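Me: Could you walk me through this structure with me asking as we go?

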Amino acid sequence: MSEYSTQFGAIDAYERGGVSVIADSPKNYLFSNMFDVAARSQPYVRVAVAKNFEYVIEVARAEGTSGWFTCAHDEFVTCLDYSCEVHLVKLDDPDSVVDPESEGAHALAELPPGRKMGRIVLRRGHMALLPVGAAYRFEAASPATLMIQTIDGPVTAHKWAEFCQS
Amino acid sequence: MAMSEDTESANKPANPRGLPLQSGFAVEPADNRTGYRAFKAGSFGFRRDGYFAHITWPNGRHQLAVDVFLRALMRDVAWGFFYGTVNFDTVFGTTNYYGEVEMFAGATNESFIRSGTAFIERFKADELMRIFKEMIGDWTNQGYDPFAAPMETGAPWGTKNGDNDDAVGRKRVTAKRMVGLPGDTPLRSDASGYPVNRMFADVPQDEPDVYAEPGFEHEVSAYNLFAYLSRSDVTWNPSVCSVVKESLFCPTSEEFILPVEHGNDRPEWFVQLTDEIIWTTKDRDTGAFRAQVVCKAGDVCVMPADVRHQGFSDKRSMLLVWENGSPKIPELIRSGKAPNVPVTF
């Protein structure tokens, strides 16, 4: 038995750290906690927790079945605590669905024509590619926390004042 | 904390101090008493003995414990001078202008600045890197690994005793799209020489369940990032694991102290994946203390572009360092066209 115990977090079990200022403002550090964001969000609202120019890291609460999304560039999703399934469909004509120059994920009202690519069951710490030209959706039987590497786009929610230490 | 391979700008490097390039380099013969070589780069001289690295420049000198110096030098070498400023300690360091580098004594220390004794010289990056690589190779003894946590390696002290070229010559992992994809950076395993670290023995090693339809095996792909990080054999050495254009996910495993005070030239985000790191932040230019940031699993924070930061991790932890590798950012920040903090609320 190892003498060390790795501390993970989860949507229903997490502890926040924080910023103690000496000569600064805590707002400069945009400090938040991904499990806190997921715990207090509606399912599949993609909340930006980090932003660097056009790029963002989004956090979403996975629960039930999401709508379909697509994107004109790769994205990556990491499941941080519990299980979530990713379904992928290769779109027949992705450029007709979203502008190929566009950035960020787009929500689709319905699934356009395409072919099933497959599915992936993610658990804690698993990262999956959400490839360009595909549509995808998530399924989770119980709440889980997703972290998505993407670009600021039409579905990105900015709620900094709600979640960041001030 | 990781450089994109294509970060160097095709444009002429910025030179805000208007410094000329230095071209004098020398490697001295091994010292009769210590067995170590001495090095010269421009007007800077470098010498080590049993316990210390000694740095000299016209009208000045400085010394660091050699373990502190070697751990910092190792990161400066491995990271290709990194983003912005790498402070080896409160006196000595380098600032990257992507193709050219400033090496300084006291340039980020308020006392040196006030007294007018800071000393700075500028070099072509590849020429200074050549000297730094020779230095880390010569000054690292058999059994000592400057990438490793102190409890996982031997001691650096004493006279010259062999070398450890395999350790100091490690190549940084830089996935082109995502770890585990065909043709990209491979997964780590016992068989490939990456056993699970002693502090991550309890990290599950299961892989995702991937069900790819025929013809889509190359794109329906996933891997266990936490298991991958649990097998990292180095500390404070971010690897690029997934890439969205210039957005680089650079996770790493951290134990003990970040060997440098990193004064980034752009905002740098930290996502704490497991355990805890305490960050000290100081003013980038003067070293005045600004804040302490405690990050626990799931916490996210940014280091503003006008601070230097140093992390402290007792239990080995997993940290996702998130970088924007765009070469345009330093000039945007210098010219005031981009903020030090990426979001205001």
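Me: How many residue pairs are in polar contact across the interface of chain A and chain B?
Reply: The rule finds 37 residue pairs in polar contact there, both residues being at pLDDT 80 or more; a polar contact is a pair of N or O atoms within 3.5 Å, where within protein one must be able to donate a hydrogen and the other to accept it, and residues adjacent in sequence count only if both atoms are side-chain atoms.

Me: Which part of chain A gives the largest share of that side?
Reply: Strand β9 (residues 114-122) of chain A does, with 8 residues; strands (E, at least two residues) and helices (H or I, at least four) are DSSP runs, numbered from the N terminus.

Me: And what kinds of residues make up the side of chain A that touches chain B?
Reply: They divide into 34 nonpolar, 19 polar and 14 charged, where Ala, Val, Leu, Ile, Met, Phe, Trp, Tyr, Cys and Pro count as nonpolar, Asp, Glu, Lys and Arg as charged, and the others, Gly among them, as polar.

Me: Before going on, what should I know about the model and the numbering?
Reply: This is a predicted model, in which local features need pLDDT of at least 70 and side-chain atom pairs count only at pLDDT 80 or more, while totals for chains, interfaces and linings use all residues. Residues are numbered from 1 along each chain as its sequence is written, chains are lettered from A and ligands numbered from 1 in the order in which they are written, and side-chain values use heavy atoms, with hydrogens and water left out.

Me: What area is buried between chain A and chain B?
Reply: About 6000 Å², of which carbon and sulfur atoms give 63%; buried area is the accessible area (1.4 Å probe) that two parts lose on being put together, summed over both. In this interface, 67 residues of chain A are in contact with 70 residues of chain B, contact meaning heavy atoms within 4.5 Å.

Me: How many salt bridges are between them?
Reply: There are 7 between chain A and chain B, a salt bridge being a side-chain nitrogen of Lys or Arg within 4 Å of a carboxyl oxygen of Asp or Glu. One pair in a salt bridge is R177(B) and D74(A), at 2.5 Å from N to O.

Me: Switching to chain B, where do its domains lie?
Reply: Domain 1 covers 1-171 and domain 2 covers 173-345, with bounds that come from an automatic or database domain assignment. The contact takes 36 residues from domain 1 of chain B and 44 residues from domain 2 of chain B, and the area buried between these domains is about 2900 Å².

Me: How many salt bridges cross that domain interface?
Reply: The rule finds 3. As for individual pairs, R198(B) forms a salt bridge with E152(B), their closest N and O atoms being 2.4 Å apart.

Me: What else does E152(B) pair with?
Reply: E152(B) also forms a salt bridge with R316(B), at 3.1 Å between the closest N and O atoms. Because E152(B) lies in the loop between α3 (125-139) and α4 (165-168) of chain B and R316(B) in strand β20 (residues 307-324), the pair ties together parts that are 164 residues apart in sequence.

Me: Are those two buried or exposed?
Reply: E152(B) counts as partly exposed at 33% relative accessibility, whereas R316(B) counts as buried at 0%; buried means under 20% relative accessible area, exposed over 50%, and partly exposed in between (1.4 Å probe, protein chains only).
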